[in-house]
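Colleague: Please bring up the model, and let us go through it one question at a time.

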Amino acid sequence: MRPHRVRTVRRLARAVVAASAAVATLAFGLTTTSQAANPTLREAAEPTGRFIGTAVNDGLLSNSTYRNIASTEFSSVTAENAMKWESVEPQRGQFNWAGADRLVQFAQQNDQLVYGHTLVWHSQMPDWLENGSFSNSELRTIMTDHVTTQVSRYRGQIPRWDVVNEAFNEDGTFRQSKFYQQLGESYIADSFRAAHAADPSAKLFINDYNVEGVNAKSDGLYRLVQRLLDQGVPIHGVGLQSHLIVGQVPGTLQQNIQRFANLGLEVVITELDIRMQMPADSSKLQRQAQDYRAVANACLAVDGCTGITVWGISDRDSWVPDVFEGQGAACPYDENYQPKPAYEALRAAFVEAGGGDPGDPGDPGDPGTGSCTAVFTVSNRWSTGSVVSVSVRTTQALNTWRVEFDLPSGVTVASGWNGGFSQSGSRVTVTNAPYNGTVSAGGTLSFGFQTSGGAAQDGTAVSLGGQRCAAG
Ligand code: XIL
């Protein structure tokens, strides 16, 4: 789908960026976070041609940490609530665009896409609509007027819209929403036609949850989309919300994305979060990282899958604990806005798909950059495992850190402490725990872990922020 030449040029451009970052490192000797070795999510996603988005709660944009992460890490934003019907038209005929406008303006300032969410949905309708009674023809007009008004307002500024949200029951039949009950299936085609007339350049999506794998619900969605295409209805994409549970990424995710893409549609992972039973622990967080990576890989493997949006930046702001009792920790950042293993996994998936190396601890013969010194000590070993402690001294102050190293083939991290651990093949990535991300210049960070499947090796090469450390 994307011309090969564009990718080659982008790769070249990346190589140039990488080379100049390396020169800067040599010249000034002060980077542990060079752009090439430690890209942001949006930098990592860019060469893949995909966007990486987040749901944004516009009320939190006044928090500088939140705002910073939203603008630097993501190339697309979705309004978590500000573009829903109850937000934009709380009284009939009285529009309030303040929150929606704020988000669009934020996106424009930060060179981001806006993913429009959402126009026709049974939930979060204003009271006057939810509780009002209207004749069928009146309801149809209310619905198409709403679509027309909202899409027109942002004509040319919002390239993708979720036109219809959550139209299905779990068995693949239509949900008995107000719209379906009164207007029948045609409410869907009419909404898409109104949206297309209001902004012919916008790509129009139907979005739902529990349709990530091949199942009865996604089969129903698939059949609907086929019918709409046959009727010439302007539909261009399918949104897979992807509110998932740790350990339960559907095995048929890629196959499902592919079958929609084969209809000529775009597919977007629109609301990714992966929740767990609380409290979180390091093994759940590692499993979550694998799951994030699996979802990203499924999208990245299919040309028509054009982006991934996570539903919230941090566990502090996520909708999950309010809705799923006892569950949480579903986002890529923790409650303190520190990146979790899930963040690293997402980034590594993009880096790899973009043709980069997800961070190389370096050849043990390399001299190291001089900005860090690492001691990798195996304090106890037996035939099937070992206990390791790692300490890294940094010449620069850090607010967060990421340490990487390779274990011998077949050896895995069984449990770890003082860090968040994820492993892909032999590569282990450790990020700071919520309480030990801050290290002063000349200070030392440390963590430890136990292996299974064999023992680690004393003196294993270690990198900090993608830069090889000298052995200490
Ligand atoms: C959620 C928001 O995150 C919450 O803040 C709000 O209270 C309820 O809606 N599917 C969707 C999203 O399409 O709009 C929902 O967002 C999550 C489920």
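Modeller: This is a predicted model. Cys 299 has a relative accessibility of 0% and therefore counts as buried.

Colleague: Is Cys 305 buried or exposed?

Modeller: Residues under 20% relative accessible area are classed as buried. Cys 305 has 0% relative accessibility, so its class is buried.

Colleague: Which handedness does the disulfide of Cys 299 and Cys 305 have?

Modeller: The sulfur atoms of Cys 299 and Cys 305 are 2.1 Å apart, and the two residues form a disulfide. The torsion about their S-S bond is about -105°, so the disulfide is left-handed.

Colleague: How many disulfides does the structure hold?

Modeller: Cys 299 and Cys 305 form a disulfide. Cys 372 and Cys 469 also form a disulfide, with sulfur atoms 2.1 Å apart. With -95° about the S-S bond, the link of Cys 372 and Cys 469 is left-handed. The number of disulfides in the structure is 2.

Colleague: Turning to the ligand, how many charged residues does the shell around it have?

Modeller: The ligand is surrounded by 13 residues, and Lys 84, His 117 and Trp 311 are among the closest. By class, the shell has 3 nonpolar and 6 polar residues, and its charged residues number 4.

Colleague: What percentage of the ligand's exposed area does the protein bury?

Modeller: A side-chain N or O atom of Glu 271 lies 2.8 Å from an oxygen atom of the ligand. For Gln 241, a side-chain N or O atom is 3.2 Å from a ligand nitrogen atom. The ligand taken alone exposes 420 Å², and the share of this that the protein buries is 79%.

Notes. Residues are numbered from 1 along each chain as its sequence is written. This is a predicted model: local features need pLDDT of at least 70, side-chain atom pairs count only at pLDDT 80 or more; totals for chains, interfaces and linings use all residues. Side-chain values use heavy atoms; hydrogens and water are left out. A residue is near a molecule or strand if one of its heavy atoms lies within 4 Å of it. A polar contact is a pair of N or O atoms within 3.5 Å; within protein, one must be able to donate a hydrogen and the other to accept it, and residues adjacent in sequence count only if both atoms are side-chain atoms. Accessible areas come from the Shrake-Rupley method with a 1.4 Å probe; for residues, only the protein chains shown count as cover. Ala, Val, Leu, Ile, Met, Phe, Trp, Tyr, Cys and Pro count as nonpolar, Asp, Glu, Lys and Arg as charged, and the others, Gly among them, as polar. A disulfide is a pair of cysteine sulfur atoms within 2.5 Å. Buried means under 20% relative accessible area, exposed over 50%, partly exposed in between (1.4 Å probe, protein chains only).
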